[in-house]
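Visitor: I'm new to this one. Can you walk me through it in short steps?
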Amino acid sequence: MPSAVSARGSPPEVTDVPGSAKGERLDEIFAGLDVAPLGILIWSSDRRLLYANDRFRRSCDLPVEIGMRFEAFIATMAHSGECVLPTEADMWERGQSAAFGSESSEDYLFATGVVLNVTQAPTASGGMTMSFADVTAVKSNERALQFAKETAEATDEAKSRFLRAANHDLRQPLASLKILIYNCIREEDPEHRSDMLHAMGIATSIMEDLLGALLQIGQLDAGRVQPRITSFQLSQLFERLDVQFRHQAREKGLRLVFVPPRATISTDRALLERILSNFVANAVRFTGIGGIVVGCRREANGLRIEVADTGRGIRPEDRERVFDEFFRAEEQRAQKSGLGLGLNIVKRLADLLELPVRLRSEVGRGSIFSVTVPLGNIWHSEANEVEISETVAGEFVGTPVILVEDDDILRQTMTQLLQRWGIDVHAAADEAEAMRLIESGVSPRLIVADYNLKTRMGIDVVDRLRKAIGAEIPAMIVTADAEPRVIESIRNAGLPVLVKPVSPPRLRVLMHNLLFEPSLVNVAGPTAAENRRAFRDQE
Amino acid sequence: MTKSSEPVPIGSMVPLTGPSAADGAEFRKGMILAAEELNARGGLLGRPVQPIFVDTCRQTAEEVVGAARWLIEKHKVHAIVNGYNIGPQNSEYEPIADAGIIYVHANTLLQHHDTVMSDPDRYFGCFMADPADYWYGPGFIKFISWLRDSGQWTPQSNRIAIISGSKPYSIVIANAMANAAADFGWQVAFGPKIVQTPTHHWREVLDEVRSTNPAVLANTHFYAVDLAHFQRQFMANPMDCIVYLQYGAMHRTFNDIAQEASVGVIVSSVIGLLRDEMGKRFEARYNARFGEGSTATIGCQSYSNMHHYAVAAAMAGGSGPPGDFEQNRKVAFALKGMIYRSVHGTIRYHPDWQAVVPYPVVTHDPSLGMPHIFYQIQDFRKSLSMIAPEPYNTERFIYPPWMSGRAAAAKPMTTAHNPRGLIGL
C-alpha cells in the first residue's frame, strides 16, 4: 500500500529483512504495526512526528499529522478536554514537554470512559516512542477487587467482633452448666439438687435463645430473608402479640394493654411481628412496676406503632448503642438478663424493611420504642383466611349435631361430610353413647339417626334423646331400607327421612329446612317419593 | 368433528314464574340476545345456537332437578347456561354430572366450591360464573372500613348489627360479615340474627337492634318487597347508622314500595353491569331489542355466560351432547383457561373452585376478577349511584338523610385529570 506509506511520511530505514525487497518488507512491517494492540507514535530527535499507526488513529480522538511537533501534540492533548489530567493543563503541558525522551508510564481516563496507559521510551537516535494501551478492563477489575477487599475486611472485622461477643455470652451459661453438673453429681440433698437442675434448665434456655438469635442474624446477614410486602390489618398482629405476652406480663404483675388499631398497613407481616415482639419482650423484661401500652399514632407518612413502658429508662449516652449487637446496660450486665441481641435484630429487620425506628426515654420514668410503617390500601388488605370454606362461614358453621350411626365406616364418612360443612359433629354408635354425650353437656340443635340400630330403632333413640334434653330438637332419620312400610312408619312418627346412600345436596336441603325454615319440612310430602327416585337413580 | 348445520341445543333453567320471575324474564332475554348475536355471526362453528328454556318456578330442589333432567333427556342439550336458581343447593349438579355436559350459572353459592372440590373429576363441567355469596361478607366489611378510613363517613361507634333472612345465601353472608368484622376494628353488637323469611314484619327485630345503638345495620335477606318494608319500618324511627340491604334493594320494586324511604340505602352486588363504554353499548342494544323497561344489569349475566361458553366451545372444536364426556372436557378446559372480559367485568375461573373470584376482595387486579359493586340509592327515581370500587365507580357516598345533624361529606375536586372526583387515586 504505497499511498499509506507516503501518508506516514518517510519511514525509517529498515535493513536485513530476509527473503524480500526492501519496499515490500516495509509495507509488511507497517501493516503489522497497524494491527498491533497498542496505539504507537514515534518521534524524531528534533521532536517531530515520524509515524502514527492505525490503531492510534482509531482509538484516540487526538488529531495527529506526520511532521507535527511534539509540543503541538501535547498542547492539543492538554486542552482538548478529551482526557483527565493529573495536574492543571498548562503545568502538565510544561512537564510533558520537559520530559521528552525520558522513560515514563501513566494512566489517563478518556472522555469515552476508556483508560489508556501511555508509556514513553527514548530511541537510540535521540527520539522517542509512545505507546497507548487500553487498560480499561484491568482498571475496572482492580477497582472492583479493591472494593470487595475493603468490604470483606470490614465484614470480617464485624464478624470477629460479633463472634468474640457471642463466644463470651455462650461461655457464661456453659461455665455455669459445668459447675452445676459437677456439683449435682455429688449433691445428695434432693432439694438442693432440684434447685441446681432448675438453674441448669435456665442456663440451657439462655443458650438456646442465644443460638436462635444468632441464627436469625446469620440469615439476615446472608440476605436469606426476603421481605414479602402486603397490605394487612394491624389488629391481627396485635391480637397475636397479646396472646404471646399476656401471661408473662401477668406473672410480673404488669398491665399489658393493646389499644385496638383499625389501620391497614403495608409491610412484611412476619418481620414486623418480630420487630414488635422484640419491643414488647424488652418492655416486659425491663419493667418492674406499672405497665406497657402498645398503640398507634397517625403520622404524615404512615402509622407510628409505639410500645411504651414504665420501666427504668435508658441513659442518653446509651440510646444509640442499645441497637448494637450484644449491648447491655450496666445494670443488665449485673443481672445477666437478656442477650443484647433483640434490638440489634430489630435494627437489621427495620433496615431491611426501610422502616424508621425511634426511641424516646427518660431515666426512671420509662421508654417508648416505635417503628413507623406505611399505610396500606384497605381494599387489598389480606383477611385471616386465605382459603375460604364452609367451615369458616357456611350456613351450618358451629351448629352442634348428634349423629347416631352403628356402622363404623358410615359414621366416619358422614362425620367427615358434616364437618366439611362446618358442623360441630358429636357421633355415637348407639343410644347409650348418645345419652352419654347429652350427659356430658352436649346440647344439639339437630339429631340425625340411623333407622336400624342393632338393638334399637332410630325413632326410639330420637324420642329418648329429646326427653333427656327436655326439648323437641329437630331430627331426621336415614335408612337403607326403602320399603314403603318402613318409610311410612317413620313418617307416622313425625320424622323426615332420607334413603341411603344419602345424597349430600338433599341432606343439606333437609338440614337447612329443619334448622332454619321448619315450615318447609313436609314429612308426609314428596320427600319420600323423591328419596325413592334418588335411590333408584343411584342404583 | 363432523360438519353439521344442525342447531346446538343449549338449555336454560330460569324462574319464569314465582318470586324471582322478574329476574327470570331478564335471564331469558339475555340468552335470546346472546344467541341472536352469535347466530348472526355464523353460530358455533357454523351451527346455530338454539336456547331451550324451562321454568324453575319457586326454584326448589325438585323443580330445578326436574328441569335439568327434562333438558338432558328430552332435548339432549350440550350445555345448560343460565342466571341463578336459589334453592336446589347443588342437587341439579347430579344429573348434569351424570350426563357429562357443561353447566354455567350464577347461583352465588359457597356450596359450589365444596361440591366441585369434593370430586373435581365428576363435576368437571360445573362452573359458577359469579363469586360465591361468602364474599359479600368481607367485601362489605372492607367497604364500610374504607368509608371510615378515607374520611367519607365518621361512625358514631364501632358497633355492627346483622340481621339475616332464613335462606342459606343470607345466612352465609351474615356469618361471613360477622367473621371479618373484628379484623377491621368492628364489633358485632347484634346478631347475626336469623329472621324467618319471607316476611313484612321487622318492627320487633328493629327494636332489638335499636337497643344496641349500632353504627352499621346490615340486613342480608334479599327479597325486594320484604326489604322495602324493612326500610319503611326503619325510617319510622331511624338510627344514626349506615343501612345495608342485600341485593334485592337493587330492584325497581324496592324503590317503588319504599319511595323516599329508600334514599341513602347501600346495596351491593358481586355481579352487575358496568357503566363503562362496553356496558353502556350493551345496555343500548338490550333496550333496543326488548324495550326501555328491561333491566340489562340482570340480563347481562346469562348473556355473558352464553357468549363465554360459545367462545370456549369453539376453541375446543365444538360442543358435545349428553354422554360425550371427552368433547365436553375440552370445552371445560377452554372455559377454565380463558380470561373473558364481559360487560360486567372479568370472568376468570379459579382453577380449583371453578368459580369466579371477586375484585378487589380476592384479586387486587381488576383485570382478573369480577367487581363487587357498591351502590347507594341517592335519588329513588333514578338509577343507583355506583360508589365503589375504583376504577369502576361513577359517584361517591353521601350521608343518608336520616343521619340528622350530620354534615354532608365534602365533595372531592373534579379536575380534568380526575373527572369523576375519585379519591385515593
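Guide: Terms first: helices are DSSP runs of H or I with at least four residues, strands are DSSP runs of E with at least two, and both are numbered from the N terminus. This is a predicted model, where local features need pLDDT of at least 70, side-chain atom pairs count only at pLDDT 80 or more, and totals for chains, interfaces and linings use all residues. Residues are numbered from 1 along each chain as its sequence is written, chains are lettered from A and ligands numbered from 1 in the order in which they are written, and side-chain values use heavy atoms, with hydrogens and water left out.

Visitor: Okay. Where is B:Pro391 found?
Guide: B:Pro391 sits in the segment after strand S16 (385-388) of chain B. A cis peptide bond joins B:Glu390 to B:Pro391, with omega about 0 degrees.

Visitor: And which residues does the cis bond at B:Pro360 join?
Guide: That cis peptide bond joins B:Tyr359 and B:Pro360, and omega is about 0 degrees. B:Pro360 lies in the loop between strands S13 (358-359) and S14 (370-371) of chain B.

Visitor: What about the phi of B:Gln59?
Guide: B:Gln59 has a positive phi of about 65 degrees, although B:Gln59 is not a glycine. Look for B:Gln59 in the loop between strand S2 (49-55) and helix H2 (61-75) of chain B.

Visitor: Switching to helices. At what angle do H5 and H6 of chain B pack?
Guide: H5 (residues 136-149) and H6 (residues 168-181) of chain B pack at about 45 degrees, with their axes 7 Å apart. That makes H5(B) oblique to H6(B). Angles under 35 degrees count as roughly parallel, over 145 as roughly antiparallel, 65 to 115 as roughly perpendicular and the rest as oblique. Axes are lines fitted to C-alpha atoms, for helices over the stretch in contact, and angles run from 0 to 180 degrees between N-to-C directions.

Visitor: Which residues meet there?
Guide: From H5(B), B:Tyr136, B:Gly137, B:Pro138, B:Phe140 and B:Ile141 take part; their partners in H6(B) include B:Tyr169, B:Ile173 and B:Met177. Contact means heavy atoms within 4.5 Å. The contact residues divide into ten nonpolar, one polar and no charged. Ala, Val, Leu, Ile, Met, Phe, Trp, Tyr, Cys and Pro count as nonpolar, Asp, Glu, Lys and Arg as charged, and the others, Gly among them, as polar.

Visitor: How do H9 and H11 of chain A cross?
Guide: The axes of H9 (residues 269-285) and H11 (residues 342-353) of chain A come within 9 Å and cross at roughly 150 degrees. So H9(A) is roughly antiparallel to H11(A). Their contact has eleven nonpolar, three polar and one charged residues.

Visitor: Back to chain B. How do H10 and H11 lie to each other?
Guide: H10(B) and H11(B) are roughly perpendicular to each other. B:Phe282, B:Glu283, B:Arg285 and B:Tyr286 of H10(B) make the contact with B:Ala296, B:Gly299, B:Cys300 and B:Tyr303 of H11(B). By class, that contact has five nonpolar, one polar and two charged residues.

Visitor: Last topic: how many cavities of 30 Å³ or more are there?
Guide: Three. The largest cavity holds about 110 Å³ of space. Among its 13 lining residues, the closest to its centre are B:Tyr84, B:Ile86, B:Thr108, B:Tyr169 and B:Tyr247. On a 1 Å grid over the protein atoms alone, a cavity is a set of points where a 1.4 Å probe fits but cannot get out, and lining residues have an atom within 4 Å of a point. A volume is the space filled by probe spheres set on the points, which are joined across faces, edges and corners.

How values were computed:
1 Å grid on protein atoms, 1.4 Å probe; cavity = no way out; pocket = protein on both sides within 12 Å on 5 of 7 lines; lining within 4 Å.
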